[in-house]
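Reader: I am new to this structure and would like to learn how to read it. Could you walk me through it?
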Amino acid sequence: MISLLLIQKITELFLVLIAGYVLVKAGACKPSDAHTLSVLTLYLITPAPLLTSFEVDLTPTLARSLVAVFAVAFAANLAMYALGVVFAKLTGADVVEQASVTYSNAGNLILPVVTSVLGEQYVIYAMGYIVVQTFMFWTLMDRMFTGASHISIRKVFTNVNIITLLIGFVFMFTGFRLPGLADSAVRSVGSMLGPISMLIVGMTLAGLDLSSLRDHPRLWMVIAAKMVVFPLILIPLFKMTGIAGLIPDGENILMIPLLAVMSCTATTVTQFAQLHGRDPEYASAISVLTTLACIVTMPLMVQLYLG
């Protein structure tokens, strides 16, 4: 059942990607318009679900489960980063390729998938992985793309996404809620995250000269590492920890960060590549191909985890 729902949701998002591709090919917009949408997504749309997901009542049971999820998410993100570094050293991968194998589409794909497959009450657990990965986006990945020699703490804590996370924690610990109309507006903006991210990838892909992919001999290694090798390394580690048995409904809750590990390359990689002029067309191609791959690989990996 979970595998079928995964296939359905991923296919829906892929159809939106095709719509973005068709819009450009029909002349309704240009591939360069994806840059503007990337800015809107990174600084306006992405913060919305980060904020509203923290509007929950913090019970002792929820607190224990969140601690477990954050611990697993932190370990999984560090493991993915380490695997990405090893992959880059072994293959000579460039910044786009290393980022593509390291960072997953946790926000754009996992949020709608978790909502559809497990229910809205599980979205808060998806935030465990997203919170950790968002921090890594604006520290380690930002450093990768800008080539900075060090991480600017000031830049991190003045970033709207990090500020949103901090406000979200205040909401959760104090019980504060946005007023009705403001809450509805923020949730409406947040609901655009998955579709608009797929539109960006489709629009960028439409401007890609597919023959240029021959200039990237590591393309298929990137896809295989992200969608098959890394999940196969991490699934046994997830099962060996035994954390799932320590919290109520642990198997489903801890499947959420694992879904993030299994998912396709983060569209944020394409957006960062757009912002910094680091071969966004190639980043988009990786995103598209890993999205296609995860229609098959994610259900199989879930079965392997549950089996």
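Reader: Which element gives the most to the lining of the largest cavity?

Author: Helix α7 gives the most, with 6 residues. Helices (H or I, at least four residues) and strands (E, at least two) are DSSP runs, numbered from the N terminus. Please keep in mind that this is a predicted model, where local features need pLDDT of at least 70 and side-chain atom pairs count only at pLDDT 80 or more, while totals for chains, interfaces and linings use all residues. Residues are numbered from 1 along each chain as its sequence is written, and side-chain values use heavy atoms, with hydrogens and water left out.

Reader: How many cavities does a search of the whole structure find?

Author: Here is the general idea first. Rolling a probe the size of a water molecule over the atoms shows where empty space is left. On a 1 Å grid over the protein atoms alone, a cavity is a set of points where a 1.4 Å probe fits but cannot get out; lining residues have an atom within 4 Å of a point. Points are joined across faces, edges and corners, and a volume is the space filled by probe spheres set on them. In this structure the search finds 1 cavity of 30 Å³ or more, and the largest cavity holds about 190 Å³ of space.

Reader: Which residues lie nearest the centre of the largest cavity?

Author: Of its 20 lining residues, those nearest the centre are Thr46, Gly107, Thr134, Phe137 and Thr268. Two or more lining residues come from each of α3 (47-52), α6 (106-117) and α7 (123-146). By class, the lining has 11 nonpolar, 9 polar and no charged residues. Here Ala, Val, Leu, Ile, Met, Phe, Trp, Tyr, Cys and Pro count as nonpolar, Asp, Glu, Lys and Arg as charged, and the others, Gly among them, as polar.

Reader: At roughly what angle do the axes of helix α4 and helix α13 cross?

Author: Axes are lines fitted to C-alpha atoms, for helices over the stretch in contact, and angles run from 0 to 180 degrees between N-to-C directions. For α4 (residues 60-91) and α13 (residues 250-262), the axes come within 9 Å and cross at roughly 20 degrees. The two helices are therefore roughly parallel to each other (angles under 35 degrees).

Reader: Which residues in α4 and α13 meet?

Author: Contact means heavy atoms within 4.5 Å. Ser65, Ala68, Val69, Val72, Ala76 and Met80 in α4 meet Ile253, Leu254, Pro257 and Val261 in α13. This contact has 9 nonpolar, 1 polar and no charged residues.

Definitions and conventions
1 Å grid on protein atoms, 1.4 Å probe; cavity = no way out; pocket = protein on both sides within 12 Å on 5 of 7 lines; lining within 4 Å. Parallel < 35°, antiparallel > 145°, perpendicular 65-115°, else oblique.
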